[in-house]
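Okay everyone, thanks for coming along.

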Amino acid sequence: MRVLVTGGAGFIGSQIVRTLAADGHEPVVLDALLPSAHGASVPPPPPGVRSVVADVRDREAVAGALTGIDAVCHQAAMVGLGKDFADAPQYVGCNDFGTAVLLAEMAAAGIRYLVLAGSMVVYGEGRYDCPRHGGVRPGPRSVADLDAGRFEPRCPSCRSELVPGLVTEDAPVDPRNVYAATKLAQEHLAAAWTRATGGRAVALRYHNVYGPGMPRDTPYAGVASFFRSALARGESPRVFEDGGQRRDFVHVRDVATANVTALAALRERGPGSFDAYNTGSGVPHTIGEMAWALASAHGGPAPVVTGEYRLGDVRHVTADSRRLREELGWKPATDFVTGMREFATEPLRGAG
Ligand SMILES: NC(=O)c1ccc[n+]([C@@H]2O[C@H](COP(=O)([O-])OP(=O)(O)OC[C@H]3O[C@@H](n4cnc5c(N)ncnc54)[C@H](O)[C@@H]3O)[C@@H](O)[C@H]2O)c1
Ligand SMILES: [Zn+2]
């Protein structure tokens, strides 16, 4: 298959490019090489891979890059929480307007297969059970609770402490920041495209992806990268809240194989189909556990739990990725201990 990988110079996209090439496909990269993602240094594409430096919002460039392409793997996006609300137009431009341009050009070129990089952020706060009220959906945590160190969300009816559970794909969506809203809108656009054109799309809702080539600690990066960067400077990883936040850390190589598996599966789907799959390791860990795993593999210093918080962060969100395993036969290959041990010493991208 000849596959256009948008964002193919990025952390996840570049791994997808390598995996596609290793599996005998022909990847083509389209990436604007955003300074917020890359800083000054951009690694070259692997030898023999065609690479177009262009923005997904640029109709002509996208149309040109789509020539001769069988399927698109759409990873290009502005990621992370950004600096403040002033970033909103940039996020919506790159992520949603950009997706609309890409889909319009795919429709014009008659390309019918799309894998979209989705995100767990569309769910907002994860799934919880109250001992008295069963499944409940707590709203955002209050500043008063957070200031007092009460980090666990409480039952909206009885204020009991809740037990976190695994989020399935049919959970209600609840995007809580601009980035999350743009990731959900991308899915809605992709679904509308399948209905209008008879295309087939799969959205992979990635959990917290980590591994080699992860961007260094910019406001756009993920928590594993903050900890890893601190250790590289000889400083303690600073763990917010009490470190008990639960996440699912999935290795970037496993995310890449999930993309290649989904691309193959699209061929079996009927016209107009759209499906979203949680993409996680299936084994939740806390942020504190991750900080300790990285610090000990790196040889210290030990993490410090600061009690600080970021408004808008969710307390727990962990995926149930069973559907992706059962329906598409994907299996993650790198476990937490091995992956974190490797990651503790691997280079980050753009880290000078
Ligand atoms: N890293 C994670 O943990 C994670 C989790 C969930 C979802 N995702 C999604 O995975 C995808 C890839 O993220 P990543 O972590 O590799 O980030 P990244 O910043 O490393 O890569 C994104 C790439 O997209 C490019 N890009 C951004 N806007 C563009 C535009 N308008 N036109 C062309 N190129 C553009 C950037 O230059 C960059 O190379 C994104 O869609 C992101 O939302 C990532
Ligand atoms: Zn209750």
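So, to start us off: which of the 30 residues around ligand 1 come nearest? Those are I12, D31, H38, Y179 and K183. Before I go on, please keep in mind that this is a predicted model.

Let's stay with the ligand for a bit. There are some polar backbone contacts to point out. A backbone N or O atom of I12 sits 2.8 Å from an oxygen atom of ligand 1. L34 also brings in a backbone N or O atom, at 2.9 Å from an oxygen of the ligand. And Q75 has a polar backbone atom 2.9 Å from an oxygen atom of ligand 1. How much of the ligand's accessible area does the protein cover? On its own, ligand 1 has 830 Å² of it, and the protein covers 94%.

Where does that shell come from? At least two residues each are supplied by α1, α2, β5, α6 and β10. β5 gives the most, with 3 residues.

Now over to helix α11, residues 336-343. Its buried residues are F336, G339, M340 and F343. At the N-terminal end, D335 caps α11, with a side-chain oxygen 3.1 Å from the backbone nitrogen of V337.

Next, a couple of individual residues. I69 is in the loop between α3 and β4. Is I69 buried or exposed? Its relative accessibility is 8%, so I69 counts as buried. Leaving out residues up to four places away in sequence, I69 touches R2, V3, L4, V28 and I111. I69 and A109 are 40 residues apart in sequence, yet their C-alpha atoms are 9.0 Å apart in space.

Then there's N278, in strand β14. N278 is at 0% relative accessibility, so this one counts as buried too. A polar atom of the N278 side chain lies 3.2 Å from the backbone oxygen of D320. Beyond neighbours within four places in sequence, N278 has contacts that include M120, Y123, E169, R205 and L324.

Last stop: backbone geometry. In general, most residues other than glycine have a negative phi, and most peptide bonds are trans. So which peptide bond is cis here? The one from G300 to P301, with omega near 0 degrees. P301 is in the loop between α9 and β16.

Two residues to look at for phi are R159 and E241. R159 has a positive phi, near 65 degrees, and is in the loop between α5 and β8. E241 has a positive phi as well, near 55 degrees, and its loop runs between β11 and β12.

Definitions and conventions
Residues are numbered from 1 along each chain as its sequence is written. Chains are lettered from A and ligands numbered from 1 in the order in which they are written. This is a predicted model: local features need pLDDT of at least 70, side-chain atom pairs count only at pLDDT 80 or more; totals for chains, interfaces and linings use all residues. Side-chain values use heavy atoms; hydrogens and water are left out. A residue is near a molecule or strand if one of its heavy atoms lies within 4 Å of it. A polar contact is a pair of N or O atoms within 3.5 Å; within protein, one must be able to donate a hydrogen and the other to accept it, and residues adjacent in sequence count only if both atoms are side-chain atoms. Accessible areas come from the Shrake-Rupley method with a 1.4 Å probe; for residues, only the protein chains shown count as cover. Helices (H or I, at least four residues) and strands (E, at least two) are DSSP runs, numbered from the N terminus. Buried means under 20% relative accessible area, exposed over 50%, partly exposed in between (1.4 Å probe, protein chains only). Contact means heavy atoms within 4.5 Å.
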